[in-house]
Amino acid sequence: MTTSDADKAVAENESPHGAGTPAGGEGPTAEKQPSQRAYHHPAAGWGAAKSVTHVLVRERALIDGPRAIFKMNHESGGFDCPGCAWPDDTKGLRLDICENGIKHVTWEMTPKRAGRELFAAHSVSELATWTDFELEDTGRLTEPVVYNEETDHYEPITWKAAFELVGSELRALDDPNEAAFYTSGRLGNEATFLYQLMAREYGTNNLPDCSNMCHEASGRALQASLGTGKGTADLADWESADALFIMGVNAASNAPRMLTALAEAYRRGAQIVHVNPLIEAAATRTIVPHEFVDMALFKSTRTSTLNLQVRAGGDMALLRGMAKAVIEESASDPKALDREFIDRHTQGFEEYRALCEATPWQELERQSGLTRADILKAAEVYSRSDRTLISWCLGVSQHEHGVDTVREIVNLLLLRGNLGREGAGPSPVRGHSNVQGNRTCGIDHRPTPEFLDRLADVCGIDPPRAHGLDTVGVVEGMHRGTVKVFVGMGGNFAMAAPDTTYTAEGLRRCELTVQVSTKLNRSHVIHGKKALILPCLGRTEKDHQRRGPQATSVEDSMSMVHLSLGMKRPASPHLLSEPAIIAGMARATLPDSAVPWEQYIEDYDRIRDTMAQVLDGFEDFNRRVRLPLGFRIKQPARELVFLTPSGRAEFSAAVLPDVVPKDDMLVLQTMRSHDQWNTTIYSDDDRYRGIKNLRTLVLMNRADMRSRGITPGSLVDITATSKDGSKRSLTGYRALSYDMPRGCAAGYMPEMNALIGAADYSTQSDQPLMKNVNVRVAPSRL
């Protein structure tokens, strides 16, 4: 490791000379020495400004980049950031942007092109040896290509022939359920609606999506507790809450615009409690870049009043402890509980109260990894707050007990009536720009009968009623030979899914794989016997159809729907929009379909008119989506209308899980670096965690390293034990010490997805356990 004598933290992580070969990651392959140095600067601020400047220069976007900055997330003629789903500012902010959003946009706007010359020069076998960074760094795809098995090259194909290939393969299947239609969170609402319509008219509910891997637990929990699969809070609630609890979120990297809300909350005196095994940059302080005076004065604002470092999976024990403390307080202070709210609007309180009272404090301490005093501090913040909002992300949902934990969040909120009023409620942080809109507009392998009835009545189709396959089920189906055609709308399924080796084997067994993409990625070089790459427009690009320029809509994390309009000329004249690609595949697959696919593509207003008849909350869609801020989809639970069997909000009484690792096991969490968006990797750096030129690492507690004979910076082997007893290993990773509880470890996805077995998914949500991987770490033997 490179080291500085002036920096003790780096010196302690200096790599000793010894046996072992460092593993290679999926980032750039530059031969730079890795280093670690604690980052002491505010989140965002001048660090972000410097990074943005570097990105604009590297991507040669010195003209289009600044243009995009002043167009991104603007409600009037702007385009929606293709990164996270944080809501847009409602008060006219001109720079409602963040560092990582600019990275994502400039990565899309690159002048580099991956055209027929690239595919003629490099076989697929050769491309498969490149890192994910190198594949995406070739630039934008320019025309549809088809895999030639004889030459092992992708070759150009016309759009008509590509659609005919898709249609012929789908029509040749014995059962529509032998096909799967995957969706990434970048797909707009109109394309989403057409995609599920195509799949269901074809005859399947096999509609896996990226939500199956991130917030499936949240949706199921909220549906069970409140009768809605979404959070009830909006941005105005964040701006008026007395207390904010931020759980399992690395906001500075994954939802950077949240920093504005956190800084404003601190200034108005709100309490901000962060709950995470790692103290991330967003849990310290920030300089918000659009606050120019603070930038000029280097004036930072705190973004936290309390940090609680729970053990991995210990969130539920903390929440249960807070609830226990509130219930105990109510014995002497009746106002500690909102009895009127509980009696009028909830069911199951007495059972939950008895469960909390019966849970020993010693067990709550053991499972949470916190002291009783720490839990009581959090409980005091909650009790003293008139309006409390709880937000969470994948650190909560990607566990075996993710559904139970989210329901415990709701339990805690219900105790003091923190629902259905300003400044309060549950608020999950969605990671991708339209992943919530995908689910709203029909991408659901478990559709409700009511939705299918409306779809049938309005669109004149006979949709299947049986549930389809999710992500885990599709991968298993590929292996069994029951899924033979895989269509991916965006994303990088081969790397995003767990057990990357197993997933790759499944994809290769398919008769046909179809990837609709903007850039080359791993899922294009891990393909079926026949394979197509269909290039589409990016979010920043103009979409011209027969009736003129078209806009698409997206839904953010807080149920606001608004239009997105591209600003620049497409990367190639041969690109099609996602709705046009879906319509082309649909017509080729369903030649006798009465659905007006061609008319829909001429004018997306026609798609929205149909959506308005099918989707709850989309009434008068075309008018309302053109309002200055768009519109918010109605949330019955926000109005204290609970679409549950009892007609009330439901307390849950789940058994507290045992999350303490056994023997010498560690619980490893996969995560993104700061210079990464989902599976897209921009560099090998992770600025906020102080890491440069390294992705193949495992972060560990210093005492855990010492007890295993591991020197900071040395090479280690990591072996995961799956639920079914099978083992998977990664070798030659560097162990770095980091401030986290004993028994915890962390490392980057997608590289560490290889440790997550096909059997490692939650029995509650069917989500892969990406934050709950049981591993042993030992000095490398290579």
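Q: Hello! I would like to start with two residues: are Phe618 and Phe631 buried or exposed?
A: Both Phe618 and Phe631 are buried. A residue is called buried when its relative accessible area is under 20%. Please keep in mind, as we go on, that this is a predicted model.

Q: Good start. What describes a pair of aromatic rings?
A: Two things describe such a pair: how far apart the centres are, and the angle between the planes.

Q: How many aromatic pairs are there here?
A: The count comes to 18 aromatic pairs. One of them is formed by Tyr352 and Phe651, with 5.5 Å from centre to centre and 25° between the planes. Planes under 30 degrees apart count as stacked, and this pair is stacked.

Q: Where in the chain do Tyr352 and Phe651 lie?
A: Tyr352 belongs to helix α17 (residues 349-358), while Phe651 is in the loop between β24 (649-650) and β25 (666-671). The two are 299 residues apart, and the pair links distant parts of the chain. Tyr352 and Phe651 are both buried.

Q: Back to my first two residues. What kind of pair do Phe618 and Phe631 form?
A: Their pair is edge-to-face, with 5.8 Å between the centres and 90° between the planes. Phe618 sits in the loop between α30 (604-614) and α31 (621-624) and Phe631 in strand β23 (residues 631-632), so the pair ties together parts 13 residues apart in sequence.

Q: Which residues form one aromatic cluster?
A: Trp107, Phe133 and Tyr682 form one.

Q: What sits over the rings of Tyr382 and Tyr688?
A: In each case, look for the charged end of an arginine. That of Arg416 sits over the ring of Tyr382, 6.0 Å from its centre. Likewise, the charged end of Arg687 is placed over the ring of Tyr688, at 4.7 Å from the ring centre.

Q: Now a strand, please. Why is β16 largely enclosed by the rest of the structure?
A: Count its buried residues: five of the five residues of β16 (residues 485-489) are buried, so the strand is largely enclosed by the rest of the structure. Val485, Val487 and Met489 point one way from β16, whereas Phe486 and Gly488 point the other way.

Q: Which strands pair with β16?
A: Strand β7 (residues 179-183) pairs with β16 in the parallel sense over five bridges. Strand β17 (residues 512-517) also pairs with β16 in the parallel sense, over five bridges.

Notes. Residues are numbered from 1 along each chain as its sequence is written. This is a predicted model: local features need pLDDT of at least 70, side-chain atom pairs count only at pLDDT 80 or more; totals for chains, interfaces and linings use all residues. Side-chain values use heavy atoms; hydrogens and water are left out. Rings of Phe, Tyr and Trp (its six-membered ring) pair if their centres lie within 6.5 Å; planes under 30 degrees apart count as stacked, over 60 as edge-to-face and the rest as tilted. Helices (H or I, at least four residues) and strands (E, at least two) are DSSP runs, numbered from the N terminus. Buried means under 20% relative accessible area, exposed over 50%, partly exposed in between (1.4 Å probe, protein chains only). A charge sits over a ring if NZ of Lys or CZ of Arg is within 6 Å of the ring centre and within 35 degrees of the ring normal. Two strands pair if DSSP finds at least two bridges between them.
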